[in-house]
Structure formats: structure tokens, C-alpha cells
Amino acid sequence: MNRNYLIFDIRRTLRNRRVLIFSILMPLVLFLIFGLTIPQDANEAGISAIAYVMVSMAMFGSMSAAMSSGGVIAAERDGGWNRTLRLTPLKPQAYVVNKVILSLLLAVPPLLVVFLCGMTFGHVHLSATQWMTVALVSWLGALPFAAIGLVIGYVAKPDSVQPITGLSTMLIAAFGGLWLPVDQMPSVMKHIAQLTPAYWTGLTSRSALTQSGVDTQALLVVLGWTLVLGFIGLRRYQADTARA
């Protein structure tokens, strides 16, 4: 990781307020529409239904924010930034790590806003340990989506990266069970859901709401998705840099 380059990247990204606003407002509105209309005593898979929706919408916001890094990468490629970086000591691994860290930082605001809304208006009551665990696991759950953003940024053209990212986000969230509980899906859809990273990140985050704690199997699957997608993103960066 290169600290100076990371600080530069953060400042530049924060100028694009539309990405931050969308990643915060979209999950917040969805939670207000679907979460606050649920009876307080309703439950889903043994979890408070309101808390269930809160975590799902927070994950949707964090994955949207994390995947938005693809647009930055595509713009850098189009502007010849990769060619400039070849003249610096910055290594490919450091560049990829910087982008992942940037994605994780972008994932924080939607998580905080939705969780605060759930606590204040949804009356979600959790212990301090549960809140910290849910927040940490949900934040780390953005890792595979940060890697997806890397891959999209290196395979898509600058003028198509935003539609591709938006469509991918919607499809992954819909098929991964973030908008509709997997238990309520048809049998075929249940199997498809398990092939998406959103299913496992959602399962990991929601498991922190239970008395048994975080689902370690789901957590390992999320880690596997992160490693595989991160490796693909690194390879795409190396290939793109070699052509520059």
C-alpha cells in the first residue's frame, strides 16, 4: 500500500458525490419502504424481520459503494494513468491494495446510515457486542465486491462501466437474496443464490444477529470469493499495464 497515493485517491473520489449519495440514499429508501412497514414482532429465520431487512439493505449499499471503484479504474485507463504509473515505483500489488482499501472506505457511510436508521426508527435492539460484530462483518463483506469492481474496471470501457456496474449490482443483490429472503424463493432460485457472493455475505452478516454468532462456513466462502476475484483483478491490471 502507498499511503500518499491512497490519500490522493480518496480526495479525488470524494469529489464524485453522486456515487456516495446513490450508495447511501438507495438502501436507506429501500429500508424505509420495506423495513419500517414490517410489524415489530415479525421474524425471518429466527431473526427480527426488521433487523433482517436492515442488514440486507446495509449490505446492498456497501456492495454498491465498493463496486463503484470500477468507474474510477476505467477512467484512469482511458486517461492513460496506467502508463504514468509505470514510471513510478508503485507496484501492481500496491495499486490493487489501494483500490480495495478505497472501496472499503466507501462502504462505510451506507452501513452507518442504514444501521443508525434501523436503531432509531426501526427500534432494532442489539447488544453492543452484536452491533460491533454485525458492523465489522458487514464491512468486511464488501471485500468481494471491491474485487468485482476491480475486474469490471479492467474489462469494461469507460462509457459502459457505469451501466455494467449498476446492472451487476442489481442482479447480484436480487439473485443473492438481499431484496427477497432466499427461503421465499423458488427452488431453482435458491440454488442460483448460493452461487453469488451476496448470498454468503448476507448470510455472514445476518448470522451475527443470532445467539450462535457468525457463521464461520459462510465467512470462509466470502474469503474464498475475495481471494479468487482479487487474483483476477490483479491479473487484469498486470495485463492492462503490459499493453499500456
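# A guided tour of the predicted model

Begin by selecting H191, which lies in helix α10, residues 187-193. Helices (H or I, at least four residues) and strands (E, at least two) are DSSP runs, numbered from the N terminus. This is a predicted model, in which local features need pLDDT of at least 70 and side-chain atom pairs count only at pLDDT 80 or more, while totals for chains, interfaces and linings use all residues. Residues are numbered from 1 along each chain as its sequence is written, and side-chain values use heavy atoms, with hydrogens and water left out.

H191 has a relative accessibility of 55% and therefore counts as exposed. The classes are buried, under 20% relative accessible area, exposed, over 50%, and partly exposed in between (1.4 Å probe, protein chains only).

**The whole chain**

Of its 244 residues, 48% count as buried. Among contacts (heavy atoms within 4.5 Å) with a separation of 6 or more, 77% are between residues 24 or more positions apart. In surface view, the accessible area comes to about 12,000 Å², and 67% of it belongs to carbon and sulfur atoms. Such areas come from the Shrake-Rupley method with a 1.4 Å probe; for residues, only the protein chains shown count as cover.

**Helix α9**

Select residues 161-175, which form helix α9. Its 15 residues reach 21 Å from the first C-alpha to the last, close to the 21 Å expected at 1.5 Å a residue. The expected span is 1.5 Å times one less than the number of residues. Colour V161, T165, T169, I172 and A173, which are buried. Seen down the axis of α9, the buried residues fall within an arc of 95 degrees, so they line one face of the helix. The arc is that of the directions from the helix axis to the C-beta atoms. On the other side of α9, P163 and L167 are exposed. Following α9 is G177, with a positive phi near 85 degrees.

**The F60 and W179 pair**

Now show the side chains of F60 and W179. Rings of Phe, Tyr and Trp (its six-membered ring) pair if their centres lie within 6.5 Å; planes under 30 degrees apart count as stacked, over 60 as edge-to-face and the rest as tilted. By this rule there are three aromatic pairs. One of them joins F60 and W179 edge-to-face, at 5.3 Å centre to centre and 70 degrees between the planes. The pair links distant parts of the chain, with F60 in helix α3 (residues 49-67) and W179 in the loop between α9 and α10, 119 residues apart. F60 has a relative accessible area of 1% and is therefore buried, whereas W179, at 38%, is partly exposed. Move on to Y199 and W200, another edge-to-face pair, at 4.9 Å centre to centre with 90 degrees between the planes. Both Y199 and W200 are buried.

Select H123, in the loop between α6 (92-120) and α7. Its phi is positive, near 55 degrees, in a residue other than glycine. Most residues other than glycine have a negative phi. At 42% relative accessibility, H123 counts as partly exposed.

Continue into helix α7, residues 128-140, where the 13 residues should span 18 Å and the end C-alpha atoms are 18 Å apart, which agrees. Q130, W131, V134, V137 and S138 are buried in α7. They cover an arc of only 145 degrees around the axis, which puts them on the same side of α7. On the other side of α7, A128, T129 and M132 are exposed.

Centre the view on Q130, which is buried with a relative accessible area of 17%. Leaving out residues up to four places away in sequence, Q130 touches A208, L209 and T210. The C-alpha atoms of Q130 and L209 are separated by 6.4 Å, and the two residues are 79 apart along the chain.

**Last stop: T226**

Finish at T226, in helix α12, residues 216-243. At 15% relative accessibility, T226 counts as buried. Apart from neighbours within four places in sequence, T226 is in contact with L143, P144 and A147. A polar atom of the T226 side chain lies 2.9 Å from the backbone oxygen of V222.

Conventions. Polar contact = N/O pair within 3.5 Å; in protein donor to acceptor, adjacent residues only side chain to side chain.
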